Amino acid sequence: MTECPACDAHVECAAMVAGEIFPCTDCGTELEVVTTLPTAVQLAPKEAEDWGE
Amino acid sequence: MRASVVGGSGYVGGELLRLLLRHPRIELEQVSSDSMAGKAVTRAHPNLRRTTDLRFVPHGELKPAEVTFVAVPHRESMHRMPEWLARGGIVVDLSADHRLKDPSLYPQYYGVAHPHPELLVRSVYGLPELHREEIRGSSLISNPGCIAAATILALRPLVASGLVDTDRPVVVDAKSGSSAGGSDSGPASSHPERSGSMRLYAPAGHRHTAEIEQETGAKIGMSAHAVEAVRGVLSTSHAFLRAPVDEKEIWRVYRAAYGSEPFVRIVHEADGIHREPEPKVLSGSNYCDIGFALDVHTGRIIATSAIDNLMKGAAGNALQALNVAAGFPETMGLEFPGLHPI
């Protein structure tokens with residue numbers, strides 16, 4: 001259990017693996033699992049506006 | 001529990017019937033309408049075909065019931081309430097006639113002096129999220145107005161937290177669908193006039209202003225618009241902050257107020273096309289969705305709330321309050337989640 005960096009909601013990611021991306025259940029922000037022991041998440045990277053160019 | 005509905009031929013009455021006929025702990029015995037007495041209730045509410053054989057009775061033929069829902073127009077309920085209370089049981093009044101605690105506001109907002117101001121002391125403002133304990137055991141529950149319910153639920157936690165500068169008015173911009181005007185609302189709601197319109201129908205002085213001020217403690221300046229929809233209220237409140245805050249603080253305030261509430265959802269999502277509250281997807285449901293945004297440029301918080309005006313804004317909330325008063329599970333008969341797409 002850890003907190004969403006955008007809205008502070010409790011998020012559960014113990015069953016996930018590092019690098020996995022999932023949405024916060026409250027604010028919908030995409031989060032990336034950084035580590036599982038201890039659990040830590042960060043805002044998932046977004047595509048930049050020049051994606052593909 | 002034996003129930004009757006006074007004034008069941010309008011849109012709110014029809015929504016009450018839809019809910020009560022499917023409630024597992026309520027037996028709907030009588031529905032009154034002087035204008036449609038003797039006719040099947042399905043004449044007024046065709047969606048109820050094959051769900052009931054009830055016919056409208058005149059108001060004067062109503063028998064005592066354990067709960068009476070009153071869905072008659074404003075200014076009628078205030079004269080007849082002693083008669084309905086004398087029949088015993090719980091009375092849930094869906095008109096505005098017992099919402100305001102200060103009787104001096106009735107001439108200002110409803111154009112008449114209240115004939116029974118003693119009942120304003122006895123009545124409970126029937127928004128369970130604010131007055132759940134008072135509703136339990138009450139025999140006179142006054143159901144909130146639709147725009148008022150949506151606005152109060154969005155604003156009250158922000159004001160109570162001290163984040164909002166209450167020395168300045170809060171500006172409320174409300175939009176409502178045509179069913180909020182009732183089934184007998186005159187030429188303003190006829191299809192040629194209403195279709196395609198975006199009409200400012202109450203630039204100032206809207207009646208619900210009084211109950212929003214009563215329940216939030218903030219000074220309210222409200223403008224109300226009629227928009228192209230049948231159901232729905234979207235209320236946008238603009239309040240100025242005492243000091244800068246971040247979004248996490250607003251999340252904390254709303255979670256503390258509504259984290260365990262069954263019918264209030266905080267909707268403020270980072271992505272997608274439904275990031276903020278939208279009445280359309282709430283049609284037929286009892287939810288109030290609340291969202292927010294911060295305007296750092298002006299030190300303003302924008303709080304939005306969406307409901308179905310006939311549900312959380314009328315019949316749905318009335319049943320929720322009755323569930324509380326009667327000791328039934330609060331969500332009983334109100335589990336429908338709405339439709340998408342619609």
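1. In this predicted model, three salt bridges are found by the rule across the interface of chain A and chain B. In one salt bridge, the side chain of A:Asp8 meets that of B:Arg252, with an N to O distance of 2.9 Å. Five residue pairs, both members at pLDDT 80 or more, are in polar contact between chain A and chain B. The side of chain A that touches chain B comprises, by class, six nonpolar, four charged and two polar residues.

2. As to the extent of the interface, 12 residues of chain A and nine residues of chain B take part in the contact. The area buried between the two chains is about 780 Å², and carbon and sulfur atoms give 39% of that area.

3. Within chain B, helix α1 (residues 11-20) is mostly covered, with seven of its 10 residues buried. Among the buried residues of α1(B) are B:Gly13, B:Gly14, B:Glu15 and B:Leu16. Their cover includes the chain B strands β1 (2-6), β2 (27-32) and β4 (67-70), together with the helices α2 (41-44) and α11 (315-326) of chain B.

4. Chain B also contains an open sheet of seven strands, paired in parallel, in the order β3-β2-β1-β4-β5-β7-β6. Strands β3 (56-57) and β6 (124-125) of chain B each have a single partner strand because they stand at the edges, so one side of each is left without a neighbour in the sheet.

5. Strand β5 (residues 90-93) of chain B pairs with β4(B) in the parallel sense over four bridges. In β5(B), B:Asp93 stands opposite B:Val70.

Terms used. Residues are numbered from 1 along each chain as its sequence is written. Chains are lettered from A and ligands numbered from 1 in the order in which they are written. This is a predicted model: local features need pLDDT of at least 70, side-chain atom pairs count only at pLDDT 80 or more; totals for chains, interfaces and linings use all residues. Side-chain values use heavy atoms; hydrogens and water are left out. Contact means heavy atoms within 4.5 Å. Buried area is the accessible area (1.4 Å probe) that two parts lose on being put together, summed over both. A salt bridge is a side-chain nitrogen of Lys or Arg within 4 Å of a carboxyl oxygen of Asp or Glu. A polar contact is a pair of N or O atoms within 3.5 Å; within protein, one must be able to donate a hydrogen and the other to accept it, and residues adjacent in sequence count only if both atoms are side-chain atoms. Ala, Val, Leu, Ile, Met, Phe, Trp, Tyr, Cys and Pro count as nonpolar, Asp, Glu, Lys and Arg as charged, and the others, Gly among them, as polar. Buried means under 20% relative accessible area, exposed over 50%, partly exposed in between (1.4 Å probe, protein chains only). Helices (H or I, at least four residues) and strands (E, at least two) are DSSP runs, numbered from the N terminus. Two strands pair if DSSP finds at least two bridges between them.
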